[in-house]
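Trainee: I've just been handed a new model and I'd like a quick tour. Could you walk me through it?

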Amino acid sequence: MSAAGTGTDVLRVEGLTKRYPGSVLAADNVSLSVAAGELVAIVGESGSGKTTTLKAINRLIEPSEGRIQFQGRDVMGIDAHDLRREIGWVMQGDGLFPHFTAAQNIAVTPRLLGWDKPRIAARTDQLLELVRLDPADFRDRFPLKMSGGQRQRIAIARALAAEPPLILLDEAFSALDPVTRAGLQEDFTALQHRLKFAAVMVTHDMAEALLLANRILVMKDGRVVQTGTPSDLVNRPADPYVTELLAAPAKQAKAVAALEGAS
Ligand code: ADP
Ligand code: MG
């Protein structure tokens, strides 16, 4: 659980730096670790380096400096395609293939892994049930014929298809209305408790991070300004920027609390 990590970490990122040609540092000395069953949230405004950090983990981009270990192995020593089959990825938007049905979207990684058809069909139905969509109703549906929340459930099912030990989520719930988002957040937490995968969740929403994360990294301009548990951040904000990010959820909670019992 510590920021420094333990021997059983699924993921360890040490001193990750990404320098784009001619530009500022997109990620500047970022370190984090995640153990099985843990969720680490990366919170920060647009352009703070959150997506850059996630993409370095599954080798969609190459770091300029630093070391990333997945299950104790340096990711640079793992074939990038193999690595991505072992790491679930829920990208910004939903990233579903529009010309694929729900079942075909979910089956992308199992097919790459060469599973036979009956195994894929059984797993697809099992995953639809896991994300609480009726297989008979959704199996053959195309993304265009689903709500945003339903599409996001398919994206999560797809990420979980081959039972990866690590899931990366990039603003997975950000585009949803508050009620749909709350339902999906709750279901995702329940899934994680059940399946015990490690997760790194990128979000610009501090309230979401406070609700879901075991640990939070606050990023600004590529740098980590604070790492801590939700209670560390709330009780001991280490930077004025952290205080600023906490102000909105605190204000909303106070406003609702003040109304309770009033009539
Ligand atoms: P976030 O996900 O927090 O919004 P990003 O990680 O996408 O932020 O971007 C961090 C910084 O890196 C931004 O200033 C962005 O403009 C820059 N950046 C991202 N991708 C590239 C790229 N391919 N080339 C140059 N600069 C990039
Ligand atoms: Mg981003």
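Trainee: Let's start with Glu 163: is it buried or exposed?

Mentor: Glu 163 is exposed, because its relative accessible area is 61%. Here buried means under 20% relative accessible area, exposed over 50%, and partly exposed in between, using a 1.4 Å probe and protein chains only. Before we go on, this is a predicted model: local features need pLDDT of at least 70, side-chain atom pairs count only at pLDDT 80 or more, and totals for chains, interfaces and linings use all residues. Residues are numbered from 1 along each chain as its sequence is written, chains are lettered from A and ligands numbered from 1 in the order in which they are written, and side-chain values use heavy atoms, with hydrogens and water left out.

Trainee: OK, and where does Glu 163 sit?

Mentor: Glu 163 is in the loop between helix 7 and strand 7 (166-170). Helices (H or I, at least four residues) and strands (E, at least two) are DSSP runs, numbered from the N terminus. The phi of Glu 163 is positive, near 50°, in a residue other than glycine.

Trainee: What about Ala 27, buried or exposed?

Mentor: Ala 27 counts as buried, at 0% relative accessibility. Ala 27 is in strand 2 (residues 25-35). Leaving out residues up to four places away in sequence, Ala 27 touches Leu 16, Thr 17, Lys 18, Thr 52, Thr 53 and Gly 222, where contact means heavy atoms within 4.5 Å. Ala 27 and Lys 220 are 193 residues apart in sequence, but 9.4 Å apart in space, C-alpha to C-alpha.

Trainee: New topic. Where does helix 11 bend?

Mentor: At Ala 247, by about 35°, with a proline, Pro 249, following within four residues. That bend is the angle between axes fitted to the seven residues ending there and the seven starting there.

Trainee: Which residues of helix 11 are buried?

Mentor: Tyr 241, Val 242, Leu 245, Leu 246 and Pro 249. They pack against several elements, including strand 3 (39-43), helix 9 (206-212) and helix 10 (230-235).

Trainee: Which lining residues lie nearest the centre of the largest pocket?

Mentor: Of its 18 lining residues, those are Arg 84, Ile 87, Trp 89, Val 108 and Thr 109.

Trainee: And how much space lies in the largest cavity?

Mentor: About 40 Å³. The structure holds one cavity of 30 Å³ or more. Helix 8 gives the largest share of the lining of the largest cavity, four residues.

Conventions: 1 Å grid on protein atoms, 1.4 Å probe; cavity = no way out; pocket = protein on both sides within 12 Å on 5 of 7 lines; lining within 4 Å. Points joined across faces, edges and corners; volume = space filled by probe spheres on them.
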